[in-house]
Amino acid sequence: MNGTSLTTICLALLLSCACGAKPNGSKNKKPKQVVPAIECDVRAGKINLPEFIVKCPAHCKETKQQVYGTGVFASISSICNAAIHSGIITNMGGKVIVRKMAGQNIYKGSNSNGVRSLSLPKWRESFVVSVGKPKKGVIYPSTLDYVPSRPTYVKTTGQKEAKPPAATTVLPMTTTPEPTTTTTPEPTTTTPAPTTTTTTPPPPPTTTKARAAVHKVRDAGNSHPYLASVAAASSRKAQSGQGKGFSQVFRGVAYPNRYPQRASAGLRRPEAGSAIRRPPSSPVGPASPRRDWAPPNFPRPDWFPGARQPADVSYTAPDSGYTWSETDTSEVTAWDHRPDISEYERWFYNYGPYLPRSTDSDGNRRVPLDTTHTRVEPVDAWKPEVNPYESGFNVREQEPVPRAPEPVSQGDPNCKVDLAFLMDGSWSIGKRRFKIQKDFLSDVAQAINVGVAGPMMGIIQYGDDPVTELSLKSYSNSREVKLAVDKIVQKGGLSNVGKALTYINRQYFSDANGNRGGAPNVAVVLVDGWPTDKVEEASRLARESGINIFFVTIEGPDESEKANLVETNFVDKAVCRTNGFYSLPVNSWFALRKAVQPLVKRVCDTDRLLCSKTCLNANDIAFVIDGSSSVGTGNFRTVLQFVANVTQEFEISDTDTRVGAVQYTYEQRLEFGFGQYNNKGELLNAIKRINYWSGGTSTGAAITFAADQLFSKSKPNKRKIMIVITDGRSYDDVRVPALAVQSQGVIAYSIGIAWAAQDELEYIATDPDKEHSFFVDEFDNLYKFVPKIIQNICQEFNSQPRN
């Protein structure tokens, strides 16, 4: 009996210990990652965390929030648009991990995934984005610590209205504040326990969603001193006259004035979470009572939008990153050195995203011309000569010194080329030789005299992959190009010239990058030693697109090093012609500057830029069209459509391809000659307006007529092409006229339809017949031969010897 009781007691103790050992659950559940959501306009610099995860909403691309940099972004960039730009998320939103890093000296702009990032010369803080999948065991903060824009107050229940409210910083929220009771967030305040508080219920909400303490930096009142004074005076007058708060007077906002008047300013205690403060308008104290000044009497300009409330951040437009803001408080101490803001905020307030102002040799600071933004001086820079009582301004602003804009350079009209330099950024160069390469490019920019009516210059740096440093339209004078070249940073990697040539062919020489069309395209490749990939195929495609490729080879391979080449004779395989005009070997990097003048002389010799002429822009094409009675009106319109389809494929102008047309029966008629229509649209309309003639068929006489009326007036640098279209046997001989016209260098194509004689088609066509003679049984099948004819014309053109 005793043994049974003892066993029962032991079992009870074991069960109670086991139950006590289990906390709320039997398994140790892994903490779940909570991903806070943000809006599209949230910038990385406004979140006080070194690394965090966020969730972006959909359709941020449409907001066009600005992004600065590529890969590594300045902290004033929108997080969501930076993630879209990097390909981390799509426009449908998603999770993003953000990691802060040190600032960069330069941020390069680019266009990726539908988001255009801007360039920025320098910024203090950067960030990178990655896919929003935390590593195993890593938990990111579930709430975001924002840099506060201003303190937000919540009145504690039981306090009197007259007492200063308890300062409680409320984190930014993406939802509209509820008018009911709220609870202070636990981890971010100094309140030891959650305190139930009440706020005044706002009037019916407006259509715009309000966000508390939105992380924005706004312009200081108004960007012009006059506007600032008018806004300040109007606000005081409205408040005293109508008894309304600042926000109620101007914006109709539902929130009461959060900054009540104080009887005496004295020394003000720094407030928690205070943002950038407004500089003092005048010394304030018992001996110097505050005075309200009436607005100036001069008329208000038409563009004045009315006084704004900087604190009303819920209703302001998305910030561009280049404007200023400050919190509007009732009064501040005259000598306020702003101890309550961080160094970052102090730096941002004093300098912002602008370049440092340069200093003359005599020590006088020069203020650069800035037509879109007003620079606010540091608030601690007190000027004794300024009387604050007479100014009436709350913010001391310095008017920018007007400076005439630099005139646009016209450039050298005798060197009108679109010139792209492919500079070697591989690690094999080293920093010293990379600097020599940059000096060489600066000297070339100076020598060619860059301008809109002359040469335009761009730069691509290649390593493992090419990247655009300067587009053709980036700068319009040599001085700006030289300054931009000096800022280029070495990319590193291999010397993949083939990739770079493919890049300029497919992307760089485009209208978006400033390609002018009427100017020859020239690409100068600078390579240290030899390329690390093959260049033959990429060069061929670039040449066929009309790009004149030059090679400047520095310290090229000697006989013992040629075994290391990926591709032998890479220069001859790449350049436009192998006659030595397009290649410029340099024995030493220190002798590179001596190649400036020889290179400039060659790239500006537009008459010798032979690769500018392509199969589509270097022809005189004559159509000899059968208008006999057997064709008929309907089929004749089909023939004209075929002529228009062939013409459509060529580049039409007086300096490019020119087209003429002859219609024949027993007689011949010149419909239009070479150069009569130098616009493709006008030319196509002229083809459609050709009237059907009707009559017999004298093909031989028509060929002779075309030779006399068209090819006798052809330019010497044009390829002469004749396309004869007939539907039957000729009444006269075609062999002698065909041989005569071919002896003049004319390439003849013959197209027969229905009852055309095969032997006559072969007599007319240039050898080999199978490449230049075609036959179709019906007029409606003519369209099938358009691609074949274009392909043959281009193959013959590109197969010409390059020596």
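I began with the largest nonpolar core, which has 69 residues, and noted that Phe 421, Phe 440, Ile 504 and Phe 551 have the most contacts inside it. I take a nonpolar core to be a set of buried Ala, Val, Leu, Ile, Met, Phe, Trp, Tyr and Cys residues joined through side-chain atoms within 4.5 Å; buried means under 20% relative accessible area, exposed over 50% and partly exposed in between, with a 1.4 Å probe and protein chains only. Helix α7 (residues 430–448) gives this core its largest share, 7 residues. Another core, of 37 residues, lies apart from it and includes Phe 636, Phe 650, Ile 690 and Phe 779.

I wrote down the ground rules here: the model is predicted, local features need pLDDT of at least 70, side-chain atom pairs count only at pLDDT 80 or more, and totals for chains, interfaces and linings use all residues. Residues are numbered from 1 along each chain as its sequence is written, and side-chain values use heavy atoms, with hydrogens and water left out.

Next I listed the contacts (heavy atoms within 4.5 Å) of Ile 504, leaving aside neighbours within four places in sequence, and found Leu 422, Ile 460, Phe 509, Ala 523 and Ile 547.

I then traced an open sheet of 6 strands with mixed pairing, in the order β12-β11-β10-β13-β14-β15. Helices (H or I, at least four residues) and strands (E, at least two) are DSSP runs numbered from the N terminus, and two strands pair if DSSP finds at least two bridges between them. The edge strands, each pairing on one side only, are β12 (466–470) and β15 (583–586). Inspecting β13 (residues 521–528) and β14 (residues 547–554), I found them paired in the parallel sense over 8 bridges, and Val 525 has Phe 551 of β14 as its bridge partner.

Asp 528, also in strand β13, is buried at a relative accessible area of 10%. Its side chain makes a polar contact of 3.2 Å with that of Ser 428; such a contact is a pair of N or O atoms within 3.5 Å, where within protein one must be able to donate a hydrogen and the other to accept it, and residues adjacent in sequence count only if both atoms are side-chain atoms.

Last, I asked where Val 624 sits, and found it in strand β16 (residues 619–626). Val 624 is buried, with a relative accessible area of 0%, and its C-alpha atom is separated by 6.1 Å from that of Ile 723, 99 residues apart along the chain.
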